[in-house]
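Thanks for coming. I will take a few minutes to walk through one protein, and the sequence and model are about to go up on the screen.

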Amino acid sequence: MSDKPKFAMYWAASCGGCEIAVLNIHEKILDVDANFDVVFWPVAMDAKYKDVEAMEDGSILLTLFNGGIRNDENEHIAKLLRRKSKLLVAFGSCANEGCIPGLANLSPVGEIVTTAFNTVSTDNPNQIYPRTSFDTPEGEIHIPTLYPRLKTLDQVVDVDYYMPGCPPESHQIAAVIDLVVQVLQGKAQLPPKGAVIGAGTSTVCDECKRTRHVKTITSFKRIFGQPIDPSLCLLEQGIPCNGIATRDGCNARCPSAGAQCIGCYGPAEGVVDYGARLITGFASVIESNDPDQIDRILDGIPDPTGQFYRFNLAGSLMKAGVSAWKKEKV
Ligand code: SF4
Ligand code: SF4
């Protein structure tokens, strides 16, 4: 057996984009292979849960865990990998703050299942719904049980480091791998437990090259179908850009390409509730003291939940919408 430190990666409730981002570091992936014994990575290799269960506690040096906790299987593996790993990293927006799967926290779980199995695009004439256990001649089989709401990784287990992004940028992943390799070689030290890694400590605005003046918003508008100044701050042009509340580290990729930041790098350093900070930021640049006019200006944001909590609902102070909380049992 290899004496290299062990590496694991897991996906819970996620889309697979974080896995692709890791593979997207190109030849740097060879450093992972050269420096680690990859013992568990379901998307890339065949390994069984029982193989992980058989390992000694703390025997995996580094686990990158992506995805939120939506069902009992996700939670079981999160707890298992926590026990087996020295360093557990919440990798990507879903594990950190819930991300897009967390938007399902706006609805009770029964409604989500009904929608999935009973829509115009679902051929389900006998109205068959999944059951969490089922008797067969070969024995009882189980599928995971959905929870009332999606939780972030640190709402379920202790997390050592947080790596944001939807997905984390490949250059940031490569930098983190470099750091871990240097730590292994005794040339660097790990940051303090609980630190955010692979990202900056300020906001996307700080990385953005667009020109800024004092912002005065009299209307919000969509970015499509109208002339946009290519060098002026988008928010100054009435485009609801989330850079003011979003952690830097992506090189302001979206505003540089002519699109507003939608917040995929999560809350900036020190921000407790992303949506609340953003709402405060937008409110502070609206040029009116008239409540009716302010209402009309805010009507220019057609999807407030998507604007303010697209990535962060499960990790926010609210965590879920009212109807999901009413069904919450835990
Ligand atoms: S609000 Fe958006 S466009 Fe304006 S400086 Fe910040 S990131 Fe750039
Ligand atoms: S600019 Fe915003 S949305 Fe775009 S990659 Fe950066 S953090 Fe994500």
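How many helices and strands does the secondary structure of the protein come to? The count is 13 helices and nine strands. Please keep in mind throughout that this is a predicted model.

Next, the overall dimensions. Along the principal axes, the C-alpha atoms fill a box of roughly 65 × 60 × 30 Å. Of the 330 residues, 38% count as buried. As for contacts between residues at least 6 apart in sequence, 76% of them join residues at least 24 apart.

Now the domains. The protein is divided into domain 1, residues 1-199, and domain 2, residues 200-299. Their centres, taken over C-alpha atoms, are separated by 31 Å. Where the two touch, ten residues of domain 1 are in contact with eight residues of domain 2. Which element gives the most to the domain 1 side of that contact? It is helix 5, residues 93-97, with three residues. By class, the domain 1 side has three nonpolar, five polar and two charged residues.

Is Pro101 buried or exposed? Pro101 has 20 C-beta neighbours inside 10 Å, and therefore counts as buried. Setting aside neighbours within four places in sequence, the contacts of Pro101 are Ala13, Ser14, Gly68, Arg70, Cys94 and Leu150. For a sense of distance, take Pro101 and Asp292: they are 191 residues apart in sequence, and their C-alpha atoms are 35 Å apart in space.

On to the interior. In general, nonpolar side chains in soluble globular proteins tend to be buried together. Here, the largest nonpolar core has 70 residues. Those with the most contacts inside this core are Ala8, Tyr10, Phe65, Val89, Ala90, Phe91 and Met163. The core draws at least three residues from each of domain 1 and domain 2. Let me take Phe91 as an example. Leaving aside neighbours within four places in sequence, Phe91 is in contact with Cys18, Leu64, Phe65, Asn66, Met163 and Pro168.

The model also holds ligands, and I will go through two of them. Around ligand 1 there are 14 residues, and the closest are Cys205, Cys208, Cys233, Cys241 and Gly243. By class, that shell has eleven nonpolar, one polar and two charged residues.

What surrounds ligand 2? The shell is made of Val204, Thr246, Cys250, Ala252, Arg253, Cys254, Pro255, Cys261, Ile262, Gly263, Cys264 and Tyr265. Helix 9, residues 253-256, supplies the largest share, three residues. Sorted by class, the shell around ligand 2 has nine nonpolar, two polar and one charged residues.

Asp135 and Pro255 are 120 residues apart in sequence, and 54 Å apart in space from C-alpha to C-alpha. Asp135 sits in strand 6, residues 133-136. With 9 C-beta neighbours inside 10 Å, Asp135 counts as exposed.

Last, some backbone details. Where is there a cis peptide bond? One runs from Cys166 to Pro167, with omega near -5°. Pro167 lies in the loop between strand 9, residues 161-163, and helix 7, residues 170-184.

Then two residues with positive phi. His26 has a phi of about 55°, although it is not a glycine. His26 is placed in the loop between helix 1, residues 17-23, and helix 2, residues 29-35. Why is His26 called exposed? Because 9 other C-beta atoms lie within 10 Å of His26, and the cut-off for exposed is 12 or fewer.

The other is Asn251, also not a glycine, with phi near 65°. Asn251 lies in the loop between helix 8, residues 204-207, and helix 9. With 15 C-beta neighbours inside 10 Å, Asn251 counts as partly exposed.

That is the end of the tour, and I am happy to go back to any part of it.

Methods. Residues numbered from 1 in each chain as written. Chains lettered and ligands numbered in written order. Predicted model: local features only at pLDDT ≥ 70, side-chain atom pairs only at ≥ 80, totals over all residues. Helix = DSSP H or I, 4+ residues; strand = E, 2+ residues; numbered from the N terminus. Contact = placed C-beta atoms within 7 Å. Domains from an automatic or database assignment. Nonpolar A, V, L, I, M, F, W, Y, C, P; charged D, E, K, R; others polar. Near = placed C-beta within 6 Å. Core = buried A, V, L, I, M, F, W, Y, C linked by C-beta atoms within 7 Å.
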